[in-house]
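Me: Please take a close look at one part of this model: the aromatic pairs and the helix that goes with them. Keep it brisk.

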Amino acid sequence: GMTGWGVIPAVAQPFAALMGYLFLAHYMNDIAYAIMFGVVAGMMVIVSVKELLPAARRYDPHDVVATLSLFTGMFVVAISLFFLHEHHDHGDEHHGDEHHE
């Protein structure tokens, strides 16, 4: 009869985390998002620096294209984010311009 009790801590932890998240999301939405996005950004940077860049350098020991590719990737994403942001922010204003005929 006692075998089932081992499952409860395993289920309780994500449940508690979910409750904590819902609490945060409800009362401190901006703070919660700031923390979450900050943590994710940190994870991405660390993975890039610790794993992806060394991998690129392994395939390209003389750094012919690895660093250039890094900046190309940054540039491409920066440009696409810029255009997405522009389009998103000023979408309503452009609709007014289109009707001049």
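Reply:

Phe 37 counts as exposed, at 55% relative accessibility. The classes are buried under 20% relative accessible area, exposed over 50% and partly exposed in between, with a 1.4 Å probe and protein chains only. Tyr 33 is partly exposed, with a relative accessible area of 34%.

This is a predicted model, where local features need pLDDT of at least 70, side-chain atom pairs count only at pLDDT 80 or more, and totals for chains, interfaces and linings use all residues. Residues are numbered from 1 along each chain as its sequence is written, and side-chain values use heavy atoms, leaving out hydrogens and water.

Two aromatic pairs turn up in a search of the whole structure. The rings of Tyr 33 and Phe 37 have centres 5.8 Å apart and planes at 20 degrees, so this pair is stacked. Rings of Phe, Tyr and Trp (its six-membered ring) pair if their centres lie within 6.5 Å; planes under 30 degrees apart count as stacked, over 60 as edge-to-face and the rest as tilted.

Both Tyr 33 and Phe 37 lie in helix α2, four residues apart, about one turn of the helix. The other pair is Phe 82 and Phe 83: centres 5.5 Å apart, planes at 70 degrees, so edge-to-face. Phe 82 is partly exposed, with a relative accessible area of 47%. Phe 83 counts as exposed at 52% relative accessibility.

Back to the helix. α2 bends by about 40 degrees at Ser 48. That bend is the angle between axes fitted to the seven residues ending there and the seven starting there. Helices are DSSP runs (H or I, at least four residues), numbered from the N terminus.

Conventions: Helices (H or I, at least four residues) and strands (E, at least two) are DSSP runs, numbered from the N terminus.
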